[in-house]
Every structure is written in structure tokens, then in C-alpha cells.
Amino acid sequence: MSVNVASHLDRLAAERPQAVALYWPKGRVQTTGPSPHHQLTFAELQRDVDALAHGLKSLGVAPGTRVAMMIPPGPDFIAVTFALFKLGAVPVMVDPGMGIKNLGACLAEAEPQVFIGIPKAQLARRMFGWAKKSLKLSINVGKRKFLSNSSTGKLRLAGASSGALPIVDSQASDVAAILFTSGSTGLAKGVEYTHGIFSAQVELLKQTYGMEPGEVDLCTFPLFALFGPALGLTCVIPQMNASRPATVNPKILLAQLRQFAVTQLFGSPAVLRRLAELSAEPPITSLKRVLSAGAPATLAVLEQVSKLLPTGVEIHTPYGATECLPVANVGSKLLLNETRTLTEQGHGVCIGHPVDGITVHVIRISDDDIPAWSNDLEVPDGTIGEFVVRGPVVTQRYIVRHEATRRAKIIDTNTGETLHRMGDVGYRDGEGRLWFCGRKSHRVVLADRTLFTDQVEPVFNSLSGVKRCALVGIRRDSVIYPVLIVELLPTSDAIETEAAILNFAKAEPRLVPICTVLFHPSFPMDVRHNSKIFREKLAIWADRRLPKEWKGGPA
């Protein structure tokens with residue numbers, strides 16, 4: 001079978017032509033009872049993909065053509081993406097929620113020759129001059145051209161009678177797509193995905209979670225939804241703003257989960273937080289698994305959402321990054337019943353064992369480039385270091401960002417493999433499980449010790465009154481002092497909470513250095529998953545709040 005990811009859709013259209021590939025709402029989804037939805041079978045989806053591919057090809061879209069896509073989750077998003085895969089073109093996917101300025105910077109770096117987007121995106125493209133130096137063609141999603149050279153409606157009409165289009169015989173090393181990171185620790189970076197990496201991801205997801213054709217998936221993260229057609233899953237498109245997952249109406253999700261007897265739910269911790277509000281509802285009996293990624297979900301949320309699941313069904317929290325996914329996996333049973341106490345005592349967050357086919361090394365912490373791999377880099381089990389990943393899903397490079405590529409990649413000169421430095425720190429325990437202790441760039445290096453965010457924050461998150469907290473380091477006269485920034489629960493008292501935090505820190509030798517607490521009204525969070533705290537922004541905020549003469553101690 002061809003390594004081109006579009007081959008999966010052709011195979012499914014031949015094997016299961018009348019099976020439903022997609023459902024999407026006709027109007028507003030009702031929270032009480034079933035709502036009307038459109039549907040598309042695998043055969044119909046394949047015909048739509050072929051029609052679009054013929055139309056795109058007639059406009060000059062060819063293997064290697066970079067195509068910026070700004071299309072909301074739905075049938076157009078999936079059909080256009082697979083049409084581009086079939087042609088060997090390279091979709092460039094940028095999250096519109098990252099903001100106008102960041103969008104412009106990302107598209108300038110990607111240098112797309114074609115722009116396909118909804119009218120709102122076309123208007124923004126014209127207004128802000130997105131990728132104007134590289135763009136040669138724009139295509140509006142809809143019946144009319146609207147500020148563009150053509151439209152998906154015209155392309156469908158032009159290609160409808162042309163029949164099946166053979167898939168470009170892509171090589172495993174050919175670039176399949178450019179996906180941008182969330183930008184949670186700086187400007188988003190464009191990651192080159194090859195057809196070989198996509199194929200490896202499909203196989204790893206299938207073997208790790210036991211996904212089978214015929215299952216029904218409700219996916220609240222658009223990029224993950226692309227795996228549905230490749231895995232033979234029926235995808236239900238949720239009614240939500242995918243760029244603002246924390247705003248989703250959980251009752252609407254629950255209604256769609258029940259209406260379509262969904263077997264798999266994928267959602268960021270922000271989506272799980274909303275579903276946790278419905279923990280008193282009867283269990284969703286059809287669910288076989290829940291996947292949550294993007295950031296660690298809190299134990300309290302896992303506990304509440306577990307009440308919505310049938311007996312024996314777990315919430316899986318796969319660990320990985322845009323640059324390599326999946327890397328490791330752990331289930332909610334282990335987190336809630338075995339490792340929870342250790343996390344709340346400051347041991348970090350258990351992220352489980354590496355998935356089959358993936359090797360995770362733990363190397364000594366360094367901010368320097370590491371050009372070549374050496375076994376001497378590794379630290380003993382139980383020692384905190386940086387996670388480094390090798391395996392078939394590891395991407396090779398970022399576009400344009402050669403310095404970032406040098407920082408993040410290590411070459412094994414013996415095997416020729418590229419290893420990825422996750423930028424995350426943690427350790428391996430005696431049972432081979434990995435424990436996440438935070439981002440390397442977020443560690444707070446004091447004179448006598450180093451504090452790691454995800455060893456410190458869960459300890460205080462377990463205290464009454466704390467919604468969440470963030471550890472940052474503030475510099476004064478070349479000395480770093482730790483500061484704990486706290487977001488309170490709505491009914492909490494700041495004075496009482498601060499006293500409880502400081503008393504707790506004094507009684508715990510590892511936390512004694514923490515003696516400064518600041519309260520923030522609402523933490524800045526990443527857009528994609530709405531789960532990662534922007535600690536860099538909080539550090540700037542704290543630095544401005546604290547007097548220049550401050551040298552640690554109460555604020």
C-alpha cells in the first residue's frame with residue numbers, strides 16, 4: 001500500500017463504501033434529544049476528495065505545493081486536506097486562535113503558494129497582507145470566489161465528472177504537511193511532517209489504543225480528527241469553537257455523545273473541565289475510551305469525568321508534542337488510584353510508559369546545543385533530566401528556524417537517526433514509568449537547589465481555595481527568587497489562602513524557599529488546548545508587581 005496518507009481513505013471507500021465517515025450539525029445542536037445532522041459515507045467523501053483534487057490540479061497545485069488552510073472543522077476541512085495529500089501537495093495548518101500578528105509571522109515563514117480559507121479568512125488575508133510575497137493563488141471555501149481566484153464550489157463542479165484521481169506515489173521522506181506548534185513557550189514553529197511519520201502515527205494509535213474501523217469518534221481538536229478517516233472511524237464534528245475549547249457547552253457535547261453512541265472522545269483538559277461539570281449525569285454507556293492531550297489534566301478533573309464513563313473505561317492521557325506524538329501513555333486508573341498521592345506530595349506527574357516502538361532517553365539538563373548523540377548523556381533512573389525521544393514519529397526539522405532545529409534535535413551518527421529533545425524535564429522510576437516535572441525553560445534555579453514547576457504546583461493546587469498556581473523565578477541583582485502566583489477559586493479568601501500556602505511551605509523542607517505569593521485574576525493560557533499556563537507572561541507580570549528593592553520574602 002502507498003505510504004501516502006490519502007491511501008487510507010481510498011482503501012476504506014473500497015472496503016466500507018456505505019459506512020458513514022462524517023456527521024456534522026445541520027443547525028444548533030439541542031441539549032435535549034437528537035438533533036438533525038448531515039452525513040457523508042466513505043464513498044461519498046472519496047468522490048468529494050477526488051473532485052476537489054481534480055479541480056486543484058487544474059489550477060496548478062502539484063506535489064510540493066504549499067497550501068495554507070484556514071478552514072473550520074467539518075467536511076470541507078477534511079476533504080480539502082485529503083485532496084491535497086492525494087496530490088502530494090503540502091497543507092500548512094495554523095491555528096487562527098493564535099492571533100493576527102502571530103498568524104502573519106507563521107504564514108510568512110511557511111511561504112505558501114496557495115491560500116484556501118473561508119470568507120472571513122480571505123478578508124483577513126487581504127487586510128493584513130498574509131503571505132503576500134509567496135501567494136500565487138487563493139481559493140474561497142464556498143460557492144463564490146469572494147476576494148479569491150476560485151472557490152471550492154467551482155472546483156467541485158469542475159472535477160465532479162473526472163472520476164477517481166490516482167494518488168501521487170509519495171515516498172516516506174516526502175513532506176506531507178507543515179503543522180505549527182501551539183507557541184506556548186514562544187512563537188509557534190512550523191514542523192515538517194512526512195508521509196512516513198503520518199503512517200507511523202496511524203499504526204501507533206491503532207496498536208496503543210485498540211481503535212477499530214466502525215468506531216465513532218467525537219474529536220474536539222481538528223488536527224486529530226484527520227486520523228479518523230485514516231483509521232476507519234466515523235467522525236462526529238462537535239458544535240464548538242475549536243480555537244476556544246474552554247467555551248464549549250458541555251451539554252451539547254453530551255447530547256452528541258449520546259445521539260451517535262460515540263465510542264471515543266478526544267479532548268484537551270479544557271474540554272474535560274467543562275464535561276466535569278456534568279459528572280452527576282448518567283454514564284455515557286457507549287464510550288470505550290477518552291483521550292486527553294496538550295497538557296496534564298488535573299486529578300480532580302479526571303476523577304469527575306470518570307463518573308461519566310462506564311465501569312472499566314479509562315481516560316488516557318498520551319504524552320507527546322507536535323514534533324513527536326504519541327510518546328508515552330498512562331490511564332486514569334493508575335493516576336487516581338496509585339500515583340495521585342505521590343503527585344500531591346511533589347514527585348511530579350506520572351506520564352506512563354513509552355508506547356511500543358518509541359524510546360525515551362533521560363539526559364542531563366543543559367541549555368546548550370547537542371549536535372551528536374552519546375550514551376554518556378543519560379542520567380540514572382530517579383534523576384531528573386530532559387526527555388529525548390527516538391522513533392518513527394520523530395520529526396526532522398522546523399521550517400526556516402535552523403537555530404531552533406539545532407537546539408531541539410540530536411543526530412545519532414551511528415544509526416543516522418534524528419532524536420528530539422522534548423524541552424520537558426522529568427525522570428524514569430524503577431518500574432520504567434516516566435514522571436513529568438515541567439518545562440526545562442520554566443525551572444527555577446536557586447543558589448542551593450532547582451525547583452521544577454510540576455513538582456511544586458500540584459502540592460499547592462491540592463490546598464483549599466486554590467484554583468491553580470504557577471511557579472516563576474524573579475531576578476534581583478543576579479539572584480533568582482521563587483514566586484508562587486495563585487488563581488483563586490471564586491469563593492476563596494486571599495488572606496486565608498496565602499496564610500495556608502506559606503504555613504504549608506514552611507513545614508516542608510523542599511518548599512521552604514517559597515515565601516512570596518501573588519494573586520492573579522485569570523492566568524493567561526495557550527489558545528490551542530487552553531490548558532498550558534503562559535508562565536513567561538506571568539513572570540513579567542510578577543516582576544512589575546514587585547518593588548525593585550524586593551529581595552524575596554512576603555510581597
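Student: How many bridges join strand E17 (residues 349–354) to E22, and do the two run parallel or antiparallel?

Tutor: Strands of a sheet pair through backbone hydrogen bonds, either parallel or antiparallel. Here E17 and E22 run antiparallel and are joined by three bridges, with Val349 standing opposite Phe436 of E22. Strands are DSSP runs (E, at least two residues), as helices are (H or I, at least four), numbered from the N terminus; two strands pair if DSSP finds at least two bridges between them. This is a predicted model, in which local features need pLDDT of at least 70 and side-chain atom pairs count only at pLDDT 80 or more, while totals for chains, interfaces and linings use all residues. Residues are numbered from 1 along each chain as its sequence is written, and side-chain values use heavy atoms, with hydrogens and water left out.

Student: Which other strand is joined to E22, and by how many bridges?

Tutor: Strand E21 (residues 418–428) runs antiparallel to E22 and is joined to it by five bridges; Val425 has Gly438 as its bridge partner in E22. E21 and E22 form a hairpin with five residues between them, and Gly432 in the turn has a positive phi of about 85°. Five of the six residues of E22 (residues 434–439) are buried, so this strand is largely enclosed by the rest of the structure. Buried means under 20% relative accessible area and exposed over 50%, with partly exposed in between (1.4 Å probe, protein chains only).

Student: What is the strand order in the open sheet that contains E10 and E11?

Tutor: The order of its seven strands is E2-E1-E11-E10-E12-E13-E14, with mixed pairing. Strand E2 (37–41) and strand E14 (315–316) are at the edges with a single partner strand each, so one side of each lacks a neighbour in the sheet. Within the sheet, E10 (residues 216–219) and E11 (residues 234–236) run parallel and share three bridges, where Asp217 has Cys235 as its bridge partner.

Student: How many residues does helix H2 have, and what span does it reach?

Tutor: An α-helix has 3.6 residues a turn, so residues three or four places apart point the same way. Helix H2 (residues 42–58) has 17 residues and reaches 24 Å from its first C-alpha to its last, close to the 24 Å expected, a figure given by 1.5 Å times one less than the number of residues. Of the 17 residues, 13 are buried, so H2 is largely enclosed by the rest of the structure.

Student: Which residues is Leu56 in contact with, leaving aside its neighbours within four places in sequence?

Tutor: Leu56 lies in H2 and is buried, with a relative accessible area of 2%. Its contacts (heavy atoms within 4.5 Å) beyond those neighbours are Val61, Ala83, Leu84, Leu87, Ile116, Ile139 and Leu155.
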